[in-house]
Amino acid sequence: MVPTRLNSQRIFLSSLFLTSFFFLLRGAPSSFFWLDSPELTTQAVTLGIAHNPGYPLYPLFSKGLLLLLPLGSLAFRLNILACLINSGAAALLALWVLKFTPGESRGSQWAGAFVAAGLYLTAPVNLEQGRVA
């Protein structure tokens, strides 16, 4: 079976997602982090409202992950969710670059998508805040 463009794109985005997830998870703290981490963890457990702006979808996603993943402490499970969300954002950025980059050469589009996702993932702010609840 000859790989089509769609299949190769799925393989690339899936491998990018998994690689970035394990890269971020490797540096994720195993407990609370500073600033809003304890407050957002409490919000996830109680389905309460955090300070403004409130983050309405975050407690729903985090409560679902807390119920489905019985691994480690509550804070670590929410840090896993942060890594999943951040890896998804990197994969979506790469998909956006693949879709909207003009050019005849597919190799330059793949390289551009990889570089864009890599720059996003290794930005200092993202490395500090992107893997904590």
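Guide: Start with a term: contact means heavy atoms within 4.5 Å. Among contacts in the chain between residues at least 6 apart in sequence, 61% join residues at least 24 apart. A word on the source: this is a predicted model, where local features need pLDDT of at least 70, side-chain atom pairs count only at pLDDT 80 or more, and totals for chains, interfaces and linings use all residues. Residues are numbered from 1 along each chain as its sequence is written, and side-chain values use heavy atoms, with hydrogens and water left out.

Visitor: How many helices and strands does the chain have?

Guide: Six helices and zero strands. Both are DSSP runs, numbered from the N terminus: helices are H or I with at least four residues, strands are E with at least two. The order from the N terminus is α-α-α-α-α-α. The C-alpha trace spans about 50 × 30 × 25 Å along its principal axes.

Visitor: Why is Ser62 called buried?

Guide: Buried means under 20% relative accessible area, exposed means over 50%, and partly exposed lies in between, with a 1.4 Å probe and protein chains only. Ser62 has 0%, so Ser62 is buried. This residue sits in helix α3, residues 57–68. Leaving aside neighbours within four places in sequence, Ser62 contacts Ala44, Leu78 and Leu81. Of the 133 residues of the chain, 36% count as buried.

Visitor: Why is Ile85 called partly exposed?

Guide: Its relative accessible area is 45%, so Ile85 falls in the middle class. Ile85 belongs to helix α4. Ile85 and Ser108 are 23 residues apart in sequence and 27 Å apart in space, C-alpha to C-alpha.

Visitor: What makes a set of residues a nonpolar core?

Guide: The members must be buried Ala, Val, Leu, Ile, Met, Phe, Trp, Tyr or Cys, joined through side-chain atoms within 4.5 Å. The largest such core has 18 residues. Phe12, Cys83, Ala94, Leu98, Ala113 and Ala117 have the most contacts inside it. Helices α1 (5–26), α4 (74–100) and α5 (106–121) each supply at least two residues of this core. Helix α4 gives the most, with seven. A second, separate core of nine residues includes Leu40, Tyr58, Leu66 and Leu78.

Visitor: Which residues does Leu98 contact, leaving aside its neighbours within four places in sequence?

Guide: Gln9, Phe12, Arg106, Gln109, Trp110 and Ala113.

Visitor: How many side chains are positive, and how many negative?

Guide: Lys and Arg count as positive, Asp and Glu as negative; His and the chain ends are not counted. That gives 8 positive and 4 negative side chains.

Definitions and conventions:
The place of a charge is taken as NZ of Lys, CZ of Arg, CG of Asp or CD of Glu.
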